[in-house]
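Try each task before you read its solution.

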Amino acid sequence: MTTNRPDGYVSRSDIARLAEVRRPAVTNWERRHRDFPSPVPIGGEELFETSVIGAWLDRRVIASNMLMAGEPAGSTYGTRFRRNLAMPSDEERPVPVPAPSSAPPGPSDEEDVLWEKLMRLRGPVDPAQYRDLVLILVYLRVRRSGSWGAVTRDLREGHGPIALARLSAEVDAILPNHWMLDWAGFGTLNRSGRRLAGIADAVDQAVDRRGGAEVFHGLLGHFALLEGRKGGNFHTPDSVVRALVEVLSPDLPQAIHDPACGTGELLVAAAARVREASGRPPSSVRGETSDGRTLTLAGMNLTLHGVDADLATRPVHELWNPYPRSRFEYVVTNPPFNMGDWYSGDPDRGWWPYGAPPAHNANFAWLQHAVGLLARGGRAAVVMAPNAAYSENERERAIRAGMVEDGCVEGVIALPPRLFSSTAVAVTVWLLTPPTESREEVFFVDASRTGRMVTRTRRELGADDIREIGDIVARQRRGEEPGSAPATSVPLRDIRDQDYNLNPRKHVVPLPAAVPGDGRTVEALLRKLDDLHVRAAEADARAEHELRRLGW
């Protein structure tokens, strides 16, 4: 490396040399993967932090036909990178032990330090498997603190098989469905009796300092980013969670439900709001998901946060069921976007109040399901892909029209792009109520320009952004004029004239004169941009699937 370059930074050429790939491969990684680390301009060069690049390369498993002599299956480019950088391997690195006299770092620093330790200790273990192991260790540390010492002692003393057997028994005592962990798959973590001990020690120290609930919550977010597109299937980013809870209702609901609960972060936040405002927990918290693995994580998350919840798995194709066991004052959910092949039979045979959704897209199955779950006077907030608001699919348009005419759509909020690790599209939030004959207008909020970029590829809503969105929604509900706020209320007759297009940008942004020469309006261009974002995300998903199929 160039000698006048600061320590701890590498160039793109350095990355290629250290990972033993061609230089164009690095450019390709940077172009194709939105979570590729951002460069830092130093001395006229674009450089990357060595530790950050190493952690990212740890997630890139080398295809079997690209392995070099002596490299075992499952090796990552991060292994090569560190080896060639003359950094000690994870097997050789001693288990980190904090100096007794050192002062603990601040809370935000502690989270980053814990994550860096866990990434150094991970090795070639699959990210989803590693996530399950680490989160279960956090849960075990809290729930079985009396026997935790014996487990960690066996690990430190190198009693690998004994330690794994004890771990399995301890997990079995609190998580009967611990089938989610493949203990045999973690053998590489304990090859020298040190790596698994290091993970347990890192968890132990973090829980001691910050508490199990906070550590678990922080790690969920980190693992969602680590898993990228797949991580978005189980996790809703913190700022989106806070925004949903803020806009849903000023009242204190007692029955809360999330029909696509993922790892439970929306239920945790909604229950916390009720408890903080009333001094007591909600009377009912229920969550459903189609995946047993994430249901187990949701149960741990809610338990650590002191939320007593009723959780269950429910196949997605059962969304049409017209007879929910309970109805709720508060439904909040972030279902999978544009889910295809969601119905195993013919959706026309189901019961749908506003029409059968197309079999290739479940968006309007989720929206109708949310309305069907509401008790009288209840409200729902549902995160949706932007195309649900303006899709010209005949079935989707008819369902959208039926929901508007029946008074189910209270409002639609446009959020900015790049809030999720799974997609770059600018999502919307639909605010729904049970059918009512009294609704004469729908309100729209265009918050698509809020938030700030916290990395090259990821945006967050700040506390002021969330407060402003909540204030706008509250004023709209009171029937007050929005003033200079990016919001408006639109009479149903005008929505009919617009063919039931519910894109907030169409209604909030004034439609100027046509652009000379081609007749396109600003609204039409914004809609086209939204469409391109959706199509790009779908193309990315197909490309990722093919690359995984080929072993990349």
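**Exercise 1. Find how much space lies in the second largest cavity of this predicted model, and which residues line that cavity.**

Step 1. The space in the second largest cavity comes to about 30 Å³. With a cut-off of 30 Å³ or more, the model has 2 cavities.

**Exercise 2. Work out what span helix H12 (residues 265-278) should have, and compare it with the distance between its end C-alpha atoms.**

Step 1. Helix H12 has 14 residues, and at 1.5 Å a residue these should span 20 Å. The expected span is 1.5 Å times one less than the number of residues.

Step 2. The end C-alpha atoms of H12 are 20 Å apart, so the two values agree.

Step 3. Next, pick out the buried residues of H12: Glu265, Leu266, Leu267, Val268, Ala270, Ala271 and Val274. Among the elements that the buried residues of H12 pack against are H11, helix H13 (292-304) and strand S5 (284-289).

**Exercise 3. Decide whether Cys261 and Cys408 are buried or exposed, and count the disulfides.**

Step 1. A residue is buried when its relative accessible area is under 20%. Cys261 has 2%, so Cys261 is buried.

Step 2. Cys408 has 0% relative accessibility, so Cys408 is buried too.

Step 3. The count of disulfides is 0.

Notes. Residues numbered from 1 in each chain as written. Predicted model: local features only at pLDDT ≥ 70, side-chain atom pairs only at ≥ 80, totals over all residues. Heavy atoms only, no water. 1 Å grid on protein atoms, 1.4 Å probe; cavity = no way out; pocket = protein on both sides within 12 Å on 5 of 7 lines; lining within 4 Å. Points joined across faces, edges and corners; volume = space filled by probe spheres on them. Helix = DSSP H or I, 4+ residues; strand = E, 2+ residues; numbered from the N terminus. Buried < 20%, exposed > 50% of the residue type's maximum accessible area, 1.4 Å probe, protein only. Contact = heavy atoms within 4.5 Å. Disulfide = S-S within 2.5 Å.
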